[in-house]
Amino acid sequence: MFHFTALLMTFAATVAAMAWVYLLGLRGGFWRARERLEPGTESHSPLQPSVVAVLPARNEGAVIDASLRSLFAQDYAGPLHVILVDDGSEDGTAEIAKLAAEALGAMGRFEIVTSTPLPLGWTGKLWAVSQGIRKAAASRPDYLWLTDADIAHDAAELGQLVAKAERARLDLVSVLVRLNCESFWEKLLIPAFVFFFQMLYPFSSANDPDSRTAAAAGGSMLVRVQALANTGGIESIGAQVIDDCALARNIKKRGAIWIGLTEATASLRAYGTLHEIWGMVARSAYAQLRYSPLLLAACILGLMAVFAVPPVAMAAGLLTGNLPAAAWGSASWLTMIAAYGPTLRFYRLSPWRGVLLPLVALLYCAMTIDSARAYRQGRGGHWKGRSYAAAPPSPAQGR
């Protein structure tokens with residue numbers, strides 16, 4: 001029995017090591033975190049495309065002033081109009097937004113739209129976005145800048161996004177903004193959120209027109225208006241919980257997309273507790289798995305094999321004298337730490353925090369299971385007072 005257990009542990013540790021060889025060498029170099037919206041790429045030509053920024057906002061009173069000020073401070077030579085869609089806020093979001101625009105003398109390029117009641121078949125955010133897009137259509141912009149109301153944008157960001165789209169003939173350019181990473185739980189879990197997202201959707205693959213992988217980051221997405229219309233408009237993804245990646249899939253079928261990181265633009269939303277981060281992840285984790293029990297089981301097994309087995313194999317191997325298991329386990333764990341390093345450095349954290357990645361993976365595994373549990377109870381994703389028991393996507397929507 002002991003011999004069988006030793007063989008099983010050695011096999012599991014070997015599988016984990018091979019998995020990390022694949023992840024590092026054949027997964028688009030996701031772990032390098034090299035795709036960046038670099039400074040100094042903006043164009044200052046006087047002939048710039050027109051842009052309308054659309055901000056869906058629900059109870060964003062605490063951050064909307066800073067977010068709007070960052071939009072009106074954009075160093076962009078072309079026309080920029082801002083539309084805020086107040087999605088049933090109860091904290092005075094619209095009033096605060098109006099005061100901010102008035103204080104900046106920006107009312108001439110700012111509008112507030114009051115969202116109508118949420119119809120069936122829509123998520124709240126996308127229904128608000130759709131109303132903002134309809135309002136924007138009157139000015140016939142070249143691009144829509146779909147952004148969240150809790151983002152502080154770097155002044156050069158829009159110019160950089162437009163320049164990248166124009167030079168490379170891209171239909172969608174998005175950046176994963178720097179998420180807040182100050183509290184204990186944020187430092188433990190937020191970099192891993194970014195790491196796992198890149199592992200699932202390698203940015204280099206998403207940016208490769210010959211790859212089927214498609215991804216976008218909903219905090220800041222510049223979309224060519226004609227390209228969006230060619231996909232059937234925002235209505236075509238109205239029920240999607242993970243709306244940014246759904247939009248990227250639709251657009252990449254007909255055009256080109258790009259996604260990268262940015263250090264200069266940052267989220268204003270803080271997640272000070274485990275409960276807050278848990279809710280943020282659990283609201284969409286099962287949707288990411290297409291509401292499939294089989295994919296859920298595969299996800300759990302994969303997380304365990306790749307992240308939990310290495311430290312367990314190393315410890316068990318050292319305690320029992322199983323040197324092959326200890327060697328493979330320690331090699332995998334060290335590889336894991338090294339792979340996580342660039343993301344930790346992006347958040348100005350010590351690379352040695354990677355030692356905790358197996359524990360972090362277990363927490364994300366639990367969040368995913370909780371997401372599936374909520375869905376099975378008919379609650380679906382829960383966010384800002386709404387629950388979405390969305391139907392699984394059709395096969396045609398695949399990756």
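## A walk through the predicted fold

Ala156 counts as buried, at 15% relative accessibility. Its place is in the loop between β5 and α5, and the C-alpha atom of Ala156 is separated by 32 Å from that of Arg283, 127 residues apart along the chain. Please keep in mind while reading on that this is a predicted model.

**Confidence.** The protein chain has a mean pLDDT of 92, and 92% of its residues reach 70 or more. Residues 390–399 are a stretch to treat with care: pLDDT stays under 50 there, although the model has 23 contacts for them beyond four places in sequence. Where pLDDT is low, the predicted coordinates should not be read in detail.

Let us turn to the strands. Eight of them form an open sheet with mixed pairing, in the order β3-β2-β1-β4-β7-β6-β8-β5. At the edges are β3 (110–114) and β5 (151–152), each of which pairs on one side only. Further in, β6 and β8 (residues 257–267) run parallel and are joined by six bridges; Leu172 has Ile257 in β8 as its bridge partner. Helix α5 packs on this sheet, where it touches β1 (51–57), β2 (80–86), β4 (143–147), β6, β7 and β8. The direction of α5 makes about 40° with that of β7.

**Helix α6.** How far does helix α6 reach from its first C-alpha to its last? The span is 25 Å for 17 residues (184–200), close to the 24 Å expected at 1.5 Å a residue. Twelve of the 17 residues of α6 are buried, so this helix is largely enclosed by the rest of the structure. Among the buried residues are Phe195, Phe196 and Phe197, along with Glu186 and Gln198.

**Salt bridges.** The structure holds eleven salt bridges. Side chains of opposite charge can pair when their charged atoms come close. Here are some of these pairs, with the N to O separation for each.

| Pair | Separation (N to O) |
|---|---|
| Asp65 – Arg69 | 2.8 Å |
| Glu166 – Arg224 | 3.4 Å |
| Asp171 – Arg224 | 3.2 Å |

Asp65 and Arg69 both lie in helix α2 (residues 64–72), four residues apart, which is about one turn of the helix. Asp65 is partly exposed, with a relative accessible area of 28%, and Arg69 is partly exposed as well, at 35%.

Which residues form salt bridges with Arg224? One is Glu166, whose side chain meets that of Arg224 at 3.4 Å. This pair links distant parts of the chain, with Glu166 in helix α5 (residues 157–168) and Arg224 in strand β7 (residues 220–224), 58 residues apart. Another is Asp171, with closest N and O atoms 3.2 Å from each other. Arg224 lies in strand β7 and Asp171 in the loop between α5 and β6 (172–178), so the pair ties together parts that are 53 residues apart in sequence.

Elsewhere, a network of salt bridges links Arg36, Glu263 and Arg348.

Conventions. Residues are numbered from 1 along each chain as its sequence is written. This is a predicted model: local features need pLDDT of at least 70, side-chain atom pairs count only at pLDDT 80 or more; totals for chains, interfaces and linings use all residues. Side-chain values use heavy atoms; hydrogens and water are left out. pLDDT is the predictor's confidence in each residue, from 0 to 100. Contact means heavy atoms within 4.5 Å. A salt bridge is a side-chain nitrogen of Lys or Arg within 4 Å of a carboxyl oxygen of Asp or Glu. Helices (H or I, at least four residues) and strands (E, at least two) are DSSP runs, numbered from the N terminus. Buried means under 20% relative accessible area, exposed over 50%, partly exposed in between (1.4 Å probe, protein chains only). The expected span of a helix is 1.5 Å times one less than its number of residues. Two strands pair if DSSP finds at least two bridges between them. Axes are lines fitted to C-alpha atoms, for helices over the stretch in contact, and angles run from 0 to 180 degrees between N-to-C directions.
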